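I opened a new notebook page for this chain.

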Amino acid sequence: MKRITLLVLILLLSAIATAQQLYLEGGKISSKFEYENSQGNNLENLQATSNSYMAVGYRNELLTKNLHLNLGATYASYGAIGSDAAVANFMEWNVNYAGLNVGLDYSVFNIKKASVYVKGGMSAAFFVQGTQSLNKSVMDLKNNDDYDTTLVSMQVGAGFSHPISDDLSFYVQYMYGKSLDMASGDAELKIVSNNVGFGLLMNISKKQATAK
């Protein structure tokens with residue numbers, strides 16, 4: 001896991017000198033937890049909650065003008081709520097992660113100056129803060145083996161971008177994501193997310209060329 005994180009960091013730092021675009025993105029996450037205990041039983045009646053995320057990074061043309069490499073950093077919040085009618089319990093989780101991501105986007109077709117693209121990638125994120133509520137009790141999840149760990153996720157989605165000027169574009173995108181198993185022991189815990197984001201792409205390659 002540490003090797004994956006180190007590789008993403010090296011790629012991000014190496015891209016700074018040659019980056020063609022800087023992106024700044026924010027949006028909403030609808031997330032839910034998928035939990036299965038060591039006996040193979042699911043925790044039923046878990047519902048999704050809505051949270052926010054932010055991302056910043058670099059975007060480079062790769063091999064062809066339609067294909068781009070994305071390297072960046074994210075800060076995201078996830079959560080879930082649930083209840084157990086048999087024992088009258090109410091449960092709620094809120095967790096925050098900061099991480100690094102790498103991805104590829106490919107422009108499928110253009111509508112005049114606008115572009116429709118598909119995108120896929122992965123991220124490695126580190127636990128920042130989180131709580132679990134059970135009825136009126138609140139527990140800090142720091143040092144909890146199931147949550148205070150590296151969150152590795154895969155994402156896939158699509159988006160639409162349109163230029164505002166020669167140096168600035170805006171985009172809207174949807175990404176579906178699912179993490180690898182986070183739970184310790186024989187249990188299984190995954191976070192499923194649906195992200196709707198809005199962002200700006202700033203062309204910095206011209207500024208670099210002018211400075212030389």
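My entries follow, from the overall layout to the cavities and then a turn.

**Ground rules.** I am working with a predicted model, where local features need pLDDT of at least 70, side-chain atom pairs count only at pLDDT 80 or more, and totals for chains, interfaces and linings use all residues. Residues are numbered from 1 along each chain as its sequence is written, and side-chain values use heavy atoms, with hydrogens and water left out.

**Layout.** I found 2 helices and 9 strands in the chain. I took these as DSSP runs, numbered from the N terminus (helices H or I, at least four residues; strands E, at least two). The order from the N terminus is α-β-β-β-β-β-β-β-β-β-α.

The chain exposes about 11900 Å² (Shrake-Rupley method, 1.4 Å probe). Carbon and sulfur atoms supply 59% of that area. Among contacts (heavy atoms within 4.5 Å) with a separation of 6 or more, 66% join residues 24 or more positions apart.

**Cavities.** A cavity here is a set of points on a 1 Å grid over the protein atoms alone where a 1.4 Å probe fits but cannot get out; lining residues have an atom within 4 Å of a point. Volume is the space filled by probe spheres set on the points, which are joined across faces, edges and corners. I got 2 cavities of 30 Å³ or more.

I listed 29 lining residues, with Thr74, Asn101, Ser123, Gln155 and Asn195 nearest its centre. Elements giving two or more residues to this lining include β1 (21-36), β5 (114-134) and β9 (188-203). β5 gives the most, with 6 residues. By class, I noted 13 nonpolar, 13 polar and 3 charged residues in the lining.

The second largest cavity holds about 110 Å³. Its lining includes Tyr23, Glu25, Arg59, Asp105, Lys119 and Tyr171. β1, β5 and β8 each give two or more residues to it. I noted 4 nonpolar, 3 polar and 4 charged residues there.

**Hairpin.** Last, I checked β5 and β6 (residues 137-140), which pair in the antiparallel sense over 4 bridges (pairing needs at least two DSSP bridges). Ser133 stands opposite Val138 in β6. The two strands form a hairpin with 2 residues between them. Asn135 in the turn has a positive phi of about 55 degrees.

Note on methods: On a 1 Å grid over the protein atoms alone, a cavity is a set of points where a 1.4 Å probe fits but cannot get out, and a pocket is an open set with protein on both sides within 12 Å along at least five of seven lines; lining residues have an atom within 4 Å of a point. Ala, Val, Leu, Ile, Met, Phe, Trp, Tyr, Cys and Pro count as nonpolar, Asp, Glu, Lys and Arg as charged, and the others, Gly among them, as polar.
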